[in-house]
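Dear colleague,

I am handing over the structure we spoke about, and below it you will find my notes on what turned up. Please read them with the model open beside you.

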Protein chains: 2
Amino acid sequence: MPRQGLNTESVVKTAALLVEENGYESLTLHKLASKLNIKPASLYTHIQGIDELYVLLANMALNQLSIMMLDAAKGKKRGDALRAVAAAYCEYVKQSPEMYRIIMKIPHSHSEDLIKTGRAVKSILFDVLSQYTKEDDKIILYSRYYHSILHGFVSLNQTGFFDDAFPIDTSLSNIINNFIEQLERI
Amino acid sequence: MPRQGLNTESVVKTAALLVEENGYESLTLHKLASKLNIKPASLYTHIQGIDELYVLLANMALNQLSIMMLDAAKGKKRGDALRAVAAAYCEYVKQSPEMYRIIMKIPHSHSEDLIKTGRAVKSILFDVLSQYTKEDDKIILYSRYYHSILHGFVSLNQTGFFDDAFPIDTSLSNIINNFIEQLERI
DNA sequence: TATAATATCCTAACATTATTAGGATGTCAA
DNA sequence: TTGACATCCTAATAATGTTAGGATATTATA
């Protein structure tokens, strides 16, 4: 049995590939082990079990999303930042739809890491929206507003609530622009 | 073996109870059969399998939600209707959080019924928002906007994105009122 | 009413899954 | 080189969804 350089991170990365290939519902430890050329029982050297694996996947996904959001926001001001973050958010969901579903599947109460990564996302939104006001209450409020729009839209779209007859991308652009107009009136 | 008056509907209703009791991830055909005093294999008389069961649960949940939304909107105008629908939406999620998660878990492409019930929900939103404009494009746009806010907010809250330090209910009220103000400017 | 057809439920078996226990074999440091 | 540890294994188990085939209750029909 030749040793390979497996560790928790590489296991989770491979799991992420499988998740995007076939949907997260069809991820099994057997398939994951096969892809890694080991036996299912050997996975327990690197992860505690499938529940922890999902937590780790959720955290990886949320982290990737936050990086893309941060990148998009960097150096941009107000509306431009909001449009760029929205575009990055959509891009992530388009590129990793199943990982995005896992983000929403795992309650943050299950993991300290998840809470921390969630805070990173909120911090990005906070920084962008703090360009509109100095009042923390309002910044939080508009962060929640904006975050709700983004998640709500992509999630409803993913589940199939939106009819393709009306263009999806245009709708979100219009919504974000509307939201921005509203902020300009603060 | 005494026959009981089981049918697909009663089986799904019982499944819904179990789903709310212990979370939808822990629903099994064994537990469902136990609650119904039959053996797991006998469930297949009433449902095709666990996948179909989830589709039926999603449809039941979405239907219940749509009824509450319709009830809330009935006889109300514009902002009042939007606030009432939002309250009803939240009430449903508070009362049946696990069923709400199932709504978002099952893609509508899996079932013609789901597409139909989804249309019922959209139709309610369409009717409410048609009080603000006669242009279908705009009605659709603002329906998506409003729907995204509602789903996004309750869903992010469910997953644990929102810090309890800032009051949750107040946030949504403020967001809805902001949205309404915006509509008044059309 | 008797009987045929059907529906409901059963037992038994199976494949798949996650998981644990305990053992073998690499890897690395003293 | 040897001992400690990490990695991976085999084997077994419990839980799950599912199917096949049979028994029994219900309903329709003659």
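For the class counts that follow, Ala, Val, Leu, Ile, Met, Phe, Trp, Tyr, Cys and Pro are taken as nonpolar, Asp, Glu, Lys and Arg as charged, and the others, Gly among them, as polar. Please keep in mind throughout that this is a predicted model.

On that basis, the surface near DNA strand D consists of ten nonpolar, six polar and four charged residues.

Turning to the protein–protein contact, 28 residues of chain B touch 28 residues of chain A. On the chain B side, the elements giving two or more residues are helix H7 (136–159) and helix H8 (168–184), and H7(B) gives the most, with 14 residues. By class, this side of chain B comprises 13 nonpolar residues, 14 polar ones and one charged.

Within chain A, the division is into domain 1 (1–47) and domain 2 (59–184), whose centres, taken over C-alpha atoms, are separated by 30 Å. Six residues from domain 1 of chain A and six residues from domain 2 of chain A take part in the contact between them, and the domain 1 side of that contact has four nonpolar residues, one polar and one charged.

With best regards

How values were computed: Residues numbered from 1 in each chain as written. Chains lettered and ligands numbered in written order. Predicted model: local features only at pLDDT ≥ 70, side-chain atom pairs only at ≥ 80, totals over all residues. Contact = placed C-beta atoms within 7 Å. Helix = DSSP H or I, 4+ residues; strand = E, 2+ residues; numbered from the N terminus. Domains from an automatic or database assignment.
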